[in-house]
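Subject: Structure handover

Hello,

Here is the structure I promised to pass on. Please open it first, then read the notes below.

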Amino acid sequence: MCDIAGKLNLSHHTVETHKSNLIKKLQLKNTTELIAYAIKNSEEIKSHLEKIKSK
C-alpha cells in the first residue's frame, strides 16, 4: 500500500481507508477478495476510469 500511496501522493492511512470502504461497499471479506474482484472486473473498471478521466 505504501507504493500506491507514494504514486498517488496520498498518505498510507488514506489509501487504507479507501480500500476498507471498497471492501465494505462491494460486500467483500478481505483484501484478497478485493484483488480477485479487481482482476475479474478489470475491463469494466478501466472503462469507468476512462469515463472519469474524460470529464
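A salt bridge here is a side-chain nitrogen of Lys or Arg within 4 Å of a carboxyl oxygen of Asp or Glu. By that rule, Lys 53 forms a salt bridge with Glu 50, and their closest N and O atoms are 3.9 Å apart.

Some ground rules before the rest. This is a predicted model, in which local features need pLDDT of at least 70, side-chain atom pairs count only at pLDDT 80 or more, and totals for chains, interfaces and linings use all residues. Residues are numbered from 1 along each chain as its sequence is written, and side-chain values use heavy atoms, with hydrogens and water left out.

**Overall fold**

The chain has four helices and zero strands. Helices (H or I, at least four residues) and strands (E, at least two) are DSSP runs, numbered from the N terminus. Along the sequence the pattern reads α-α-α-α. The C-alpha atoms fill a box of roughly 25 × 25 × 15 Å along the principal axes.

The chain exposes about 4900 Å², and carbon and sulfur atoms supply 58% of that area. Accessible areas come from the Shrake-Rupley method with a 1.4 Å probe; for residues, only the protein chains shown count as cover. Of the 55 residues in the chain, 13% are buried. Buried means under 20% relative accessible area, exposed means over 50%, and partly exposed lies in between (1.4 Å probe, protein chains only).

**Salt bridges**

The structure holds three salt bridges. Back to Lys 53 and Glu 50: they are three residues apart in helix H4, so about one helical turn separates them. Lys 53 is exposed, at 64% relative accessible area. Glu 50 is partly exposed, at 48%.

Glu 43 and Lys 46 also pair through their side chains, at 3.7 Å from N to O. Both are in helix H4, three residues apart, so they too sit about one helical turn from each other. Glu 43 counts as exposed because its relative accessibility is 56%. Lys 46 is partly exposed at 49%.

The side chains of Glu 16 and Lys 19 meet in a salt bridge at 3.2 Å, N to O. Both lie in helix H2, three residues apart, about one turn of the helix. Glu 16 is partly exposed, at 23%. Lys 19 counts as buried because its relative accessibility is 15%.

**Surface patch**

Which residues form a nonpolar patch on the surface? They are Tyr 37, Ile 45, Leu 49 and Ile 52, with about 330 Å² of accessible area together. Patches are made of residues with over 30% relative accessible area and no salt bridge; like charges are joined within 9 Å, nonpolar side chains (Val, Leu, Ile, Met, Phe, Trp, Tyr) within 5 Å. Helix H4 (residues 42-54) gives the largest share, three residues. Ile 45 is in helix H4 and is partly exposed, at 33% relative accessibility.

**Largest pocket**

The largest pocket has a volume of about 650 Å³. On a 1 Å grid over the protein atoms alone, a pocket is an open set of points where a 1.4 Å probe fits, with protein on both sides within 12 Å along at least five of seven lines; lining residues have an atom within 4 Å of a point. Grid points are joined across faces, edges and corners, and a volume is the space filled by probe spheres set on the points.

The lining has 20 residues, and the closest to the pocket centre are His 18, Leu 22, Leu 34, Ala 38 and Ile 45. Helices H1 (2-8), H2 (12-25), H3 (31-40) and H4 each give two or more residues to the lining.

Best wishes
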